[in-house]
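Here are my notes on the model you sent. They cover a pocket and a helix pair.

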Amino acid sequence: MSAITNTRTRPLKYLGLLGYLVFLAFPLLWLLSTSFKTQREMANLHPRWIPHHPTLSNFTDAFSTQDITGSALRSLVVALSVSVITVALALPAAYALARHRSFLNRVAIGWVLVSQVFPVMLIVIPLFMILRRLDLVNTLPGLILVHVTFTLPFALWMLQGYVRAVPREVEEAAAVDGAGRVRTLVQVIAPLLTPGVIATLLFAFISSWNEFFFALVILKDPDKATLPLTLVKFTGAEQAARLGPLAAASVLATIPSLVFFAVIQRRLRSGLTAGAVKG
């Protein structure tokens, strides 16, 4: 009976999944379509999915009027740095929180969760004053430091869940073989946490790549602007957006995150397989 029910409901499941994928892909497809349209087509009262006269003028206009390449490289440097630093700090801290349970650790985990509730506006002024004292205002290292600070709590929460899923017997076996704490963490636990580490890397990268508010507050020099700040410049003084170049630049802005996900997704799949075999 259950097999018959599953056979009947399977098309509905696939239909629901297809609808969800269409819902997710619609903004990106519409953005891609707009980037190849002329100004006249974008002003048409009956928009079309496929441009009638596709053009690359929006892309050339975007590159000629704004520093897309430079801001993208700066965003890439910041996002990659934040990803690596966040995982390097969160992994040993998550191991300590997951393996050494105490009242202090429970308080630390609770504070991690509570810290995500505070509105960002409450800490902007103190944060700016601290960065000014450290001479990190209007610098990429200052932006990296801020991004790591706000990415680390959730990354720590993610990784400590993965650490708890690793059986303690694995560590006990490593201790019997003479491995110390650091060696056990690096050579035994870390490979089993590959899916969690990759998921954390992806989360940190995308969070930093798309971040706008702190970049707006910290970076004052146009030559140090990241990509989200550059995209805003396609909005005129009267808040009239230049839709063509903005759509073209936005399409280009999505490519690095898609490439990063495509590359890291293979590692995620192999990490899941390796974890299943080792477990």
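1. A pocket here is an open set of grid points where a 1.4 Å probe fits, with protein on both sides within 12 Å along at least five of seven lines. The model is predicted, and its largest pocket holds about 420 Å³ of space.

2. The lining of this largest pocket is made up of 18 residues. Nearest the centre are Ser115, Ile123, Leu127, Thr149 and Phe150.

3. Which helices each supply at least two residues of that lining? They are helix 5 (103–115), helix 6 (124–133) and helix 7 (140–165). Helix 7 gives the largest share, with five residues.

4. By residue type, the lining of the largest pocket has 15 nonpolar and three polar residues, and no charged ones.

5. Helix 7 also pairs with helix 10 (residues 194–210): their axes come within 10 Å and cross at roughly 160 degrees. Angles over 145 degrees count as roughly antiparallel, so helix 7 and helix 10 are roughly antiparallel to each other. Their crossing is right-handed.

6. On the helix 7 side, the residues in this contact are His147, Thr151, Phe154, Ala155, Met158, Leu159 and Tyr162. Helix 10 meets them with Pro195, Gly196, Val197, Ala199, Thr200, Phe203, Ala204 and Ser208. The contact of helix 7 with helix 10 divides into ten nonpolar and five polar residues, with no charged residue.

7. To sum up helix 7: five residues of the pocket lining come from this helix, and seen against helix 10 its crossing is right-handed.

Definitions and conventions: Residues numbered from 1 in each chain as written. Predicted model: local features only at pLDDT ≥ 70, side-chain atom pairs only at ≥ 80, totals over all residues. Heavy atoms only, no water. 1 Å grid on protein atoms, 1.4 Å probe; cavity = no way out; pocket = protein on both sides within 12 Å on 5 of 7 lines; lining within 4 Å. Points joined across faces, edges and corners; volume = space filled by probe spheres on them. Helix = DSSP H or I, 4+ residues; strand = E, 2+ residues; numbered from the N terminus. Nonpolar A, V, L, I, M, F, W, Y, C, P; charged D, E, K, R; others polar. Axes fitted to C-alpha atoms, helices over the stretch in contact; angles between N-to-C directions. Parallel < 35°, antiparallel > 145°, perpendicular 65-115°, else oblique. Left-handed = near helix turned anticlockwise from the far one by under 90°. Contact = heavy atoms within 4.5 Å.
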